[in-house]
Structures are given as structure tokens and as C-alpha cells.
Amino acid sequence: IVIVAVIYLIPTPSQSFQEIYAKVDSTTANSLQAFRQNNPPKSIDVDGIKWSYISVGKGAETILFCTA
């Protein structure tokens with residue numbers, strides 16, 4: 001368990017948007033970048049756990065994708 005914890009806590013290098021999506025066609029990459037700029041993530045703290053989410057659209061039904 002200690003080895004797993006140590007490996008989990010090793011920081012990963014940060015990459016820019018351009019580095020991550022270098023092999024994606026520019027139209028798709030630009031569309032994703034515009035979406036991210038127009039819909040920044042929001043967060044809420046529930047019982048000490050920070051949850052990030054993106055809220056878009058309107059309507060009676062909701063789809064929820066969560067990350068902690």
C-alpha cells in the first residue's frame with residue numbers, strides 16, 4: 001500500500017493545450033479550446049471533497065459527469 005501511495009503522489013509534468021492536442025486537426029482543437037473558454041469548470045465542496053463540474057445547456061433532463 002505504501003508503494004502505491006508513493007507512486008500516486010508523484011507529480012506529473014504539466015502540458016500545455018497545444019502539446020496535448022498537437023496531433024488533433026486544428027478545427028477540432030480550436031472548437032474544444034473555445035468550448036473550454038466559454039464554459040469554465042465550476043466547483044463545489046461536499047463533505048470536504050471538492051467536486052469539479054461544467055454546467056451547459058437547458059432542459060428538463062440532466063447528465064452529470066463528476067471528477068473529484
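## Terms and basis

Buried means under 20% relative accessible area, exposed means over 50%, and partly exposed lies in between, with a 1.4 Å probe and protein chains only. By that scale Y21 is partly exposed, at a relative accessible area of 22%.

This is a predicted model, in which local features need pLDDT of at least 70, side-chain atom pairs count only at pLDDT 80 or more, and totals for chains, interfaces and linings use all residues. Residues are numbered from 1 along each chain as its sequence is written, and side-chain values use heavy atoms, with hydrogens and water left out.

## Fold and overall shape

The protein chain holds three helices and two strands. Here helices (H or I, at least four residues) and strands (E, at least two) are DSSP runs, numbered from the N terminus. Their order along the sequence is α-α-α-β-β. The radius of gyration is 17 Å, well over the 11 Å that the globule rule gives for 68 residues, so the protein chain is more spread out than a compact globule. That radius is taken over C-alpha atoms, and the globule rule is 2.2 Å times the number of residues to the power 0.38. The C-alpha trace spans about 45 × 35 × 15 Å along its principal axes.

## Burial, contacts and charge

Of the 68 residues, 4% count as buried. The accessible surface of the protein chain is about 6,600 Å², and carbon and sulfur atoms hold 60% of it. Areas come from the Shrake-Rupley method with a 1.4 Å probe; for residues, only the protein chains shown count as cover.

Contact means heavy atoms within 4.5 Å. Take the contacts between residues at least 6 apart in sequence: 0% of them join residues at least 24 apart.

The protein chain carries 5 positive and 5 negative side chains, and the centres of the two sets are 6 Å apart. Lys and Arg count as positive, Asp and Glu as negative; His and the chain ends are not counted. Each charge is placed at NZ of Lys, CZ of Arg, CG of Asp or CD of Glu.

## The hairpin

Strands β1 (residues 42–46) and β2 (residues 49–53) run antiparallel and are joined by five bridges. Two strands pair if DSSP finds at least two bridges between them. I44 stands opposite W51 in β2. D45 has K50 in β2 as its bridge partner.

Two residues separate the strands of this hairpin. D47 lies in that loop, between β1 and β2. Its phi is near 50°, a positive value in a residue other than glycine. Most residues other than glycine have a negative phi. D47 counts as exposed, at 77% relative accessibility.

## Y53 on strand β2

Y53 sits in strand β2. It is partly exposed, at 30% relative accessibility. Not counting residues up to four places away in sequence, Y53 touches P41, K42, S43 and I44. Y53 and R36 are 17 residues apart along the chain, and their C-alpha atoms are separated by 12 Å.

## Y21 between helices

Y21 belongs to the loop between α2 (17–20) and α3 (26–38). Leaving aside neighbours within four places in sequence, Y21 is in contact with A29, L32 and R36. L32 is 11 residues from Y21 along the chain, with 9.8 Å between their C-alpha atoms.

F65 lies in the segment after β2. This residue is exposed, with a relative accessible area of 70%. F65 and S52 are 13 residues apart in sequence, and 9.1 Å apart from C-alpha to C-alpha.
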